[in-house]
Amino acid sequence: MKHAATLTVNGMAYPVELEGDTTLVRAIRDDIGLTGTKEGCDDCECGACMVMIDGRPVNSCTYLALQAIGSEITTVEGLADGETLSNLQSAFLDQGGVQCGFCTPGMLVSAHALLRENADPTEEEVRLALGGNLCRCTGYTKIASAVMKAAKASV
Ligand code: FES
Ligand code: FES
């Protein structure tokens with residue numbers, strides 16, 4: 001049975017029809033049409049599906065969409081200011097933190113959540129914050145450098 005609901009994503013209200021078992025990643029991608037959020041393992045292992053719910057990073061593949069009603073959901077599309085990339089997004093490009101790009105939306109969301117809480121993290125804190133995000137391409141060093149660069153640019 002479907003439930004009519006409204007999800008608030010990146011400051012916009014989206015009317016959706018949700019099954020009780022619809023995961024948040026499926027609602028974001030299939031019902032709302034924001035495909036920046038990726039679905040990899042579908043089992044809370046890879047972090048590709050990371051979004052923020054009320055400022056907290058969450059794996060949207062194992063979060064029911066119905067649970068997100070009334071919360072502020074932020075996806076990777078919400079990090080840029082229109083066509084203008086955030087400092088963090090630019091730093092990923094500048095530092096070579098993007099290769100195939102599949103992990104990048106989740107990495108950006110986790111890093112963004114970290115920098116909201118801690119504007120000047122150590123590299124160890126960055127690596128800890130990104131511990132739930134897997135990358136098969138970069139070896140993580142350039143991603144950590146990108147987050148450190150973005151942090152330095154903002155403090
Ligand atoms: S798709 Fe959600 S953690 Fe991998
Ligand atoms: S850039 Fe390819 S998985 Fe991270």
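A residue counts as buried if 20 or more other C-beta atoms lie within 10 Å of its own, as exposed if 12 or fewer do, and as partly exposed in between. This rule is applied below to a predicted model.

The protein has 155 residues, and 41% of them count as buried. Its radius of gyration is 15 Å, which agrees with the value near 15 Å that a compact globule with 155 residues would have. Taken along the principal axes, the box filled by the C-alpha atoms is roughly 45 × 30 × 25 Å.

The secondary structure consists of 5 helices and 5 strands, and from the N terminus the order of the elements is β-β-α-β-β-β-α-α-α-α. Of the contacts between residues at least 6 apart in sequence, 57% join residues at least 24 apart.

Helix α1 spans residues 24–32, and its buried residues are L24, V25, A27, I28 and I32. These buried residues pack against three strands: β1 (2–9), β2 (12–19) and β3 (50–53). Just after α1 comes G33, with a positive phi of about 85°.

N10 lies in the loop between β1 and β2, while D54 belongs to the loop between β3 and β4 (56–59). Their surroundings can be read from the rule given at the start. N10 counts as partly exposed because it has 17 C-beta neighbours inside 10 Å. D54 has 11 such neighbours inside 10 Å and therefore counts as exposed.

Definitions and conventions:
Residues numbered from 1 in each chain as written. Chains lettered and ligands numbered in written order. Predicted model: local features only at pLDDT ≥ 70, side-chain atom pairs only at ≥ 80, totals over all residues. Helix = DSSP H or I, 4+ residues; strand = E, 2+ residues; numbered from the N terminus. Contact = placed C-beta atoms within 7 Å. Rg over C-alpha atoms; globule rule 2.2 N^0.38 Å.
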